[in-house]
Amino acid sequence: MHCGLCLPTCPTYDATKLERNSPRGRISLMRAIADGQLEPSKVFADEMYFCLGCLACMTACPAGVNYAELFEHARAEAEASRVLASPKRNLIRIFAIRWLFMDLKRLRFVGRLLRLYQRFGFQKLIRSSGILKLLPKRLRELEASTPEVCTQFSAQLIAAITPAIGKKKYCVALLTGCAQDLLFSDVNRDTAEVLTRNGCEVVTPPEQICCGSLHAHNGEWELAQALARRQIEQFPPEQFDAIISNAGGCGSHLKHYRALLADDPAYRDRAVLWDKKVKDVHEWLLEIGAQSPASCPTNQVVTYHESCHLCHGQKIISQPRQILRSIPGLQLVELPESSWCCGSAGIYNLIQPEMANQLLKRKLKHIQSTGATIVATGNPGCLLQLLNGTKQQGLHLRVVHPITLLAEAYRQEP
Ligand code: SF4
Ligand code: SF4
């Protein structure tokens, strides 16, 4: 089918109006390569990396085309053909994808170094010295948007096993993530608190593994498979009522281990069970009938930005809104184009800064139009992108995960 119903929902097509920047155009390119009519080329690879992977086209498609799988395989094809290879790119990929994110101990080590740089005056010193002016513009921009590393990571905030408050009804595993652990460990702590408040015993091993979405989305299919196997070993799905993710992007990938391990007889069946047990935290709270908090710290207006992989990838649309509406004193106003990508899209804002900034500006304009003082969103990438945007534009806007608002309301209860 070439109906084109996906075209108006695609942010890159919307920006350029070029067929090759649309889902239909990209699928035609993939098909030509699969049919042997085209060789993988730099143009093809660039196109695959210009795609946000936001999956808005999947929501729009009446034929149920699984763009998520096509996109991951296409990027793997682009990497295998090495048409984008250069010494600098290879080095960055080896460091980030093959080394740093394969072992989260290494990531935390780098996080600690960054924390020292930020907290002991080195960052201020470097910024005030003017030395940054010698760097290329892109590096200066990157330095300015470096996120603030948390003072404590998840393992310092959450016990390995946190008992349920009151009667234990469920035993769940909590995945603390990679970026989430470094930059938003407070969201992990809030998630554990909210779960225990609703009858869950929460298992949170201090040493966790990356879910592998970074690897799958960047053409490293085999590394993504290896990480999926390690996840299943660390969190045997047979032992938990649910395996909880509070990051939209990770959750979307975590729910598809079945496709990743379909050819592995040792893990195939466990991957099917795994996919069933993985739940986004909003989804799980609604399934178990989470309690509404008795009070709210203040009366405020909140709007909700949908993480692409939460709404398009996981079809979790009403649950975060229901949670926000359940908080007394909080008024939810709908955000125009709430499911339009904010430009974060994994590491897209690093590799395609122009398009990412364009999308960020569009998103912030809509947020401001709501008059809300809080914007809630359920993915660390979106949190970071919106935080950077509010900082750049000097906006007085709180950017927060919905579960943090719920945890704060629970804490205020008499
Ligand atoms: S994933 Fe997003 S950017 Fe990529 S083709 Fe689909 S709608 Fe367009
Ligand atoms: S991907 Fe789906 S919506 Fe887009 S052109 Fe093909 S069939 Fe139509």
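User: Why is Arg 270 called partly exposed?

Analyst: In this predicted model, Arg 270 has a relative accessible area of 22%, and the class of partly exposed lies between buried, under 20%, and exposed, over 50% (1.4 Å probe, protein chains only). The value of 22% therefore places Arg 270 in the partly exposed class. As to conventions, local features need pLDDT of at least 70, side-chain atom pairs count only at pLDDT 80 or more, and totals for chains, interfaces and linings use all residues. Residues are numbered from 1 along each chain as its sequence is written, chains are lettered from A and ligands numbered from 1 in the order in which they are written, and side-chain values use heavy atoms, with hydrogens and water left out.

User: What makes the meeting of the Arg 270 and Glu 238 side chains a salt bridge?

Analyst: The N to O distance of Arg 270 and Glu 238 is 2.9 Å, and a salt bridge asks for a side-chain nitrogen of Lys or Arg within 4 Å of a carboxyl oxygen of Asp or Glu, so the pair qualifies. Arg 270 sits in helix 17 and Glu 238 in the loop between helix 14 (221–234) and strand 4, 32 residues apart, where helices (H or I, at least four residues) and strands (E, at least two) are DSSP runs numbered from the N terminus. Glu 238, at 46% relative accessibility, also counts as partly exposed. Elsewhere, salt bridges that share partners join Glu 79, Arg 89, Arg 93, Arg 98 and Glu 220 into one network.

User: Into which class does Glu 47 fall, buried or exposed?

Analyst: Glu 47 has a relative accessibility of 3% and counts as buried. Its salt-bridge partner is Arg 26, at 2.9 Å from N to O, and Arg 26 is buried as well, with a relative accessible area of 2%. A contrast within one pair is given by the salt bridge of Arg 108 and Glu 207, at 2.6 Å: Arg 108 is buried at 9%, whereas Glu 207 is partly exposed at 40%.

User: Why is Pro 402 called buried?

Analyst: The relative accessible area of Pro 402 is 0%, and Pro 402 is therefore classed as buried. Pro 402 lies in helix 24 (residues 402–411). Apart from neighbours within four places in sequence, its contacts (heavy atoms within 4.5 Å) are His 282, Tyr 304, Leu 324, Ala 376, Thr 377 and Gly 378.

User: What does Gln 314 count as at 9% relative accessibility?

Analyst: Gln 314 counts as buried at that value, although its place is in the loop between helix 19 (308–313) and helix 20 (318–325). Residues that Gln 314 touches, not counting those up to four places away in sequence, include Gly 248, Lys 255 and Asp 280.
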